Each structure stands twice: as C-alpha cells, then as structure tokens.
Amino acid sequence: MFRICLFLLVSLFSISIAAQINPDNIQIARDEWGVPHIFGKTDAEVAYGFAWATAEDDFKTMQQQLLPIKGLAGLVNGRSGAIFDVGVHILNPHDIVAEKYDSDVSPAFKKILEAYAAGVNSYAASHKKEILHRKLFPVTPQDLLKSYVVGMALLSGVDNSLNRLLSGKVAALPPNESRGSNAFAVSSKRTADGQTYLGINSHQPLEGLNSWYEAHLCSEEGWNILGATFAGGVSIFTGTNEHLGWAHTVNKPDFADIFQLEMHPTNKEWYRYDDKWERLETYDTKAKIKLMGFFKVGKKQKFFKSKFGVTVETPNGFFALRFPANQTIQAAEQWYLMNKATNFQEWKKALDMQGIICTNIVYADMEDHIYYVSNGKFPVRNRQYDWTGVVPGNTSSTLWDTYYPVDSLAQVLDPPSGFVYNCNHTPFLSSSADDNPSVSNVPASMGYEPPKFETNRAVRMLHLFEADQSIDYEEFKVIKFDRQYHKPMRSAPKLEPIFSLDENKFPQIAGSIQLLKDWDRVASEDSEAASIFILALYDILRKLKDRKSLITGDELTEASLAASVQSAQDHLQENFGKVKVPLGQVQRHSRGEVSLAYGGGPDVLAAVGSRMQKDGRLRPIAGDSYIQMVRFTPDGPVLESINAYGASAKPGSPHYTDQMELFTQQKLKPMTLNKDEVLKHAKRVYAPK
C-alpha cells in the first residue's frame, strides 16, 4: 500500500508542476547512434523530454547523482555511499538552496527545473523496477540545484580540503590526475580555409558518475545545441549551438580556505572572533548504511558551523572550511543561458554570473572570436595574510565575502597568433608567447597554477601549433588525436632518464632498455615500447608520495626507474609469455562482449587512464571520452563527435557499445543541428511517455 501511495505522490507531483506540458507535443528523435534529439515548442517541453531521454539511457546514474542529496546513498551503496552522504551533509547544499531559490533563480529557469523534475518523476512512475530507493522520489527542482552545488564543490577541489580537515592533515594531498581535459580553438588567422575551429576534448570517467551523455536540445524559443552533459544535468555543459561553442577543462587554483579557530580556554565550543567570543553552531548527521540487504546501521557524527563555514574538531584543534561553491546556486542557470547565447556578448554576460565557480573555458564562434579564460569565483582575500596555508580564524579581517569579476581573471581574447588552448596547465601559457596573460595582472591570492607548470599535453599542443602556421581541419584533428610523449619530457623531467638507462648496469632488462631508447614515444597500438613505458609509468605513479616528484623530486633515482622497468617486464612475461607485446594487446577498450585494441596513455593528447584487470590487461576507465570537433563555416557550424562507448549505459541497448570501434580508431561521426535533417534520417521518433 505504501508503495502504491508513493507512486501516486510522484505522479501527482509531476502533474502539478508541469500541468502545461503535454508529452505529445515533444519529439524524441533517435539517430542511427541512438543519440537523442529532443524537439519541442518551448524550452520547458524540451527539458521534460531531455529528462525522459536521459532516464531511458542512464536512469541509474541519474539516481546515483541524487541519492546523497537525500541522504540515501548509504542505504543503496553501503559504506562508500554513507561517506558520500556525510560529505554532502557537511557541504550543506540544503540551506543555500532554501535561502536563495526564490531570489536567485529566474522565473523562466524555474520552469526549466520544474519541467525537468517532472520528466524524471514521470519516468520513475512508469519504470518502478528501475528505482534504486523508493524515498528518492519525487525529485524537486530544489533537489536538482542541490546536486549542482555539490558538483561545483567537488569539481573545484573542495573534497581535498575537506579530506585534510577530517583526517587531521595539514599538508596538501597529491593532486588528482584523473581530472583533466584538452580544449583548443583556432581563428581564421591560422586556418588554411579561413574558418574558425573548436576542439572539445574533456577527460572524464568513461562510465558512471560524471561520465558524458550526448544530446541535442532544440526548441522554438531559441534553444538549439548539441553537446554533452552529466546524467541529471538540465542543459548541455559543453557543446555547440548555431552561433558558438565552448569547452571546459579542470583548473586548480585556490578555491577553498582553511581557518584555525582560537577556542575559549574553558568554555568548549566557543571561539574568538575579533574581541568577542562566539558559540559554534552544532549540527549532527547520522549516516545510514545498508548491510546484508536487511539491516540499517546509523553512525552519528558531530559537526559545527562558525562564521567561516563548516567547522571540524581535529587532534590539532578546531578548523573551519570556507569555499565559494556553497555561496551560489546559479551554475545550472548560467549553463542554460550559455546554451542559448547567440554571440560573444550574450555568452559573456552569462559567464559574468559566476555561477560556474571553476574550470578553464575555451570558446569560439561564427564571428571568428576565440577566447580563453581560467574561470573561477575567486574571493577577494586580505593581502596581509598567506593564503597558501592555514589562516587565522579569530579575526574578521580574514572573512571574505566579495569576489573578483571575470574581467580580472587570466584570459586571452582574439590573440594575434590565432590560437588559444588549455590542457590543465598554467593559464599563463595559453597562446603564443606574445599573447599569454601576464602574471602581474592577477592577484597572487587567486592561487593559479605556477607560470611554468605544464603537462605533456600542453607541451605537445603548443609544439604542434607552432610547427604549423596554416592548419587545415584534418591537421586540426591530428593534433587532437596525438599520442606522443614529448622529447625531452619537459613536463616530467625526472622521468626523462628512463630513456637512457645503462644496459650494462642493468643487464636483466637490457632488451626493454633498448626498446625505450629506440622508441619514437608514440603510444600506438602496435608499439611494444609503449607497453613497457606505460606499465613502468603506472608502477612509478603508485610508488610516488607526491606526483610533483616527476618535476622537482629526488625519488626517481636511476635504480628506482630501472626497478619500474623490471616490474613492467615481469608483468608482460607473466601475463603474456613474452616481453615484446604491442600496446593494443595489453590495453583493451572493453565493455560487455566487446574488447578492442586501444592506444594512448596518461598525459598524451589522446589521453587514457587505465586500471589493471585480473587477466593482466589494462582497461581504460578515464581520459578521452566525449569529443566534439567544430568548424564554423559561412553556412553554420559543421559538427563531428564521438563518445567512448555509446549513447546508452544499459547493457541490453544496441547503443551500449556501438561507438567503440570508431572511438578506438580515432574517428568521428557527423552530427547536425538541423531539425529537418535529424527527422529525415531518424531511426525512431516518439513522445516521452
């Protein structure tokens, strides 16, 4: 009876907030690859259809994004989910959304959120067996925004600062190298055909949370964009409309601050703030964990709030965490307005909202504008303090509450060199030497990556751009799919000696050493040296305490490098019966019954992050995922794209693996924004019901 009442509630909720939406007015057109093209008269109708189509393809991930928002992840996923529940409780998106929903969300965008929530709830009511937990539904517009707040916090690296607090550690944790991406644009000044090019190449997990989902959204109210989002996103995060396009890459400036509180000598939970003593606000959480499918165990944990934000008691005292991600709820609406922008001025106006509080952005458009910005919502911090470490939490002079505008950030617009790029390296190397942003023009407290910090991808991209003063579109794609490690290893100089080890000193690996010496450093499927290098590299990365050692450390001695080559050689001998094994036999792009040879490796432009399997092979789990390449021609943008697996995350779908062959061959599929063309060639057209 309870279950019946629940779904009646879900259905009634869907009807009440989207009474004006008739699913029969919405078309979902599936192309030959199963990619959904959603058509409707209004933006709200498209949002409803988008939610339904996403749920058809990956309802599980949509729910996984929302479970911790309602404190249900522990009940579905066990202890790992409970940790996520606690983390969301600490980040506290509930208060910020409740406080700002009425004032900071426009009436027009509320309709989008309401329609999307209605679409999700309608699908849930019609597919009861797919629901992970009955208490997840109905989903509300506020739930969707809470998910964005948490997503922004994690994307900006707040989880690293939070881990430091909860573990009692003060030293910074090693960077998370799985977060990456490439983005690049070339203006007519640099192209052989006088057109403008844009490369969208995000590096994300290939499946599950934060994996890319491709869609085309098209209404009669001016929403017409093709690109990718995460399952549960209410608009496109990265893509191209009829006028312009953009790409995101992860940046790592200082988006969070830790404050040490001065506690009262006798009255616990009181702290000094200027000349007064203030009392900490207490709030508890009980994370419920599902054990053996029957029992629920609740572990109570105590947290606090101070004027600076969430506060935690550690063995070293009380510390508070403050970050911009939970100060705004406008990320979702900003992306929606970027989706609908028709020129650079409109797009820039949306950017100025600063709801998207992090990520580099590379932009290009029909008017031949190209643009790069290391975007962020940066606090205006008191310059009298060192913000690279812990700052005092006993004074109002460290309590920031204003932010620098976008125009003050590191950026380049329409450089004379005709290109901009970012590969997760410093923003001060984003074009040619003469066009780069100046370090002196941005406050040091923003904590941007150091001016000389580069990745191999960044070194390679600049090298390839500088080597070609007139790039045609095919050459543009060659740059994107490059698999070479630069010689010398400028981004990881401590790794370079692995290519010049002495065979006489290490005779047991003499053959592998010779392979590395003769290697052209291209991680192709048929390269035997690539297998040795990539396996050795993973061994090295496992052993390093801090990956900065690849640049400045002393850990990588000749002996340690030789030991990693020995480890790689032993692995190949044990699992393949020989040492000389092509990379395509070692690294397999696999899903379901499909297993394909795959080249690439960590930090090449065609990036691959793989995990070792029980059979001794590497399976890619991150790196190149959704790729979109764009030419802005006089007749409009010409689009090509590819995704790692297919349009559907459901094993029974014909589109579960159908893009894999093209993906491994570094080929793209043609796509279009033209509604008539889509409907003409669609394999299926239906209403979301």
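How many disulfides does the structure hold? The model is predicted, and the structure holds zero disulfides.

View 1. A disulfide is a covalent bond between the sulfur atoms of two cysteines. The cut-off for calling one is a sulfur pair within 2.5 Å. The sulfur of Cys358 has its closest cysteine sulfur in Cys423, 18 Å away, so this pair is too far apart for a bond. Cys358 is buried, at 1% relative accessibility. Cys218 is buried as well, with a relative accessible area of 11%.

**View 2. The largest nonpolar core.** This core has 106 residues. Those with the most contacts inside it are Phe59, Phe109, Tyr116, Leu145, Leu217, Trp335 and Trp347. Helix 2, residues 43–66, gives the most to this core: twelve residues.

**View 3. Surroundings of Leu217.** Which residues does Leu217 touch, not counting residues up to four places away in sequence? The contacts are Ile38, Val46, Phe50, Trp223, Asn224, Ile225, Ser235 and Ile236. Leu217 is also one of the residues with the most contacts inside the largest nonpolar core.

**View 4. Strand 8 against strand 16.** Strand 8 covers residues 244–249, and strand 16 covers residues 360–365. In which sense do strand 8 and strand 16 pair, parallel or antiparallel? They pair in the antiparallel sense, over six bridges. Ala247 has Val362 of strand 16 as its bridge partner.

View 5. The bond from Phe137 to Pro138 is cis, with omega near 5°. Pro138 sits in the loop between helix 6 (107–126) and helix 7 (141–155). The bond from Lys487 to Pro488 is cis too, with omega near 0°. Pro488 belongs to the loop between helix 12 (473–480) and helix 13 (510–518).

View 6. Arg521 is not a glycine, yet its phi is positive, near 70°. Arg521 is in the loop between helix 13 and helix 14 (528–543). Is Arg521 buried or exposed? Arg521 is buried, with a relative accessible area of 4%. Gln666 also has a positive phi, about 60°, although it is not a glycine. Gln666 lies in the loop between helix 17 (660–664) and strand 26 (669–671). Its relative accessible area is 24%, so Gln666 counts as partly exposed.

Definitions and conventions: Residues numbered from 1 in each chain as written. Predicted model: local features only at pLDDT ≥ 70, side-chain atom pairs only at ≥ 80, totals over all residues. Heavy atoms only, no water. Buried < 20%, exposed > 50% of the residue type's maximum accessible area, 1.4 Å probe, protein only. Core = buried A, V, L, I, M, F, W, Y, C linked by side-chain atoms within 4.5 Å. Helix = DSSP H or I, 4+ residues; strand = E, 2+ residues; numbered from the N terminus. Contact = heavy atoms within 4.5 Å. Pairing = 2+ DSSP bridges.
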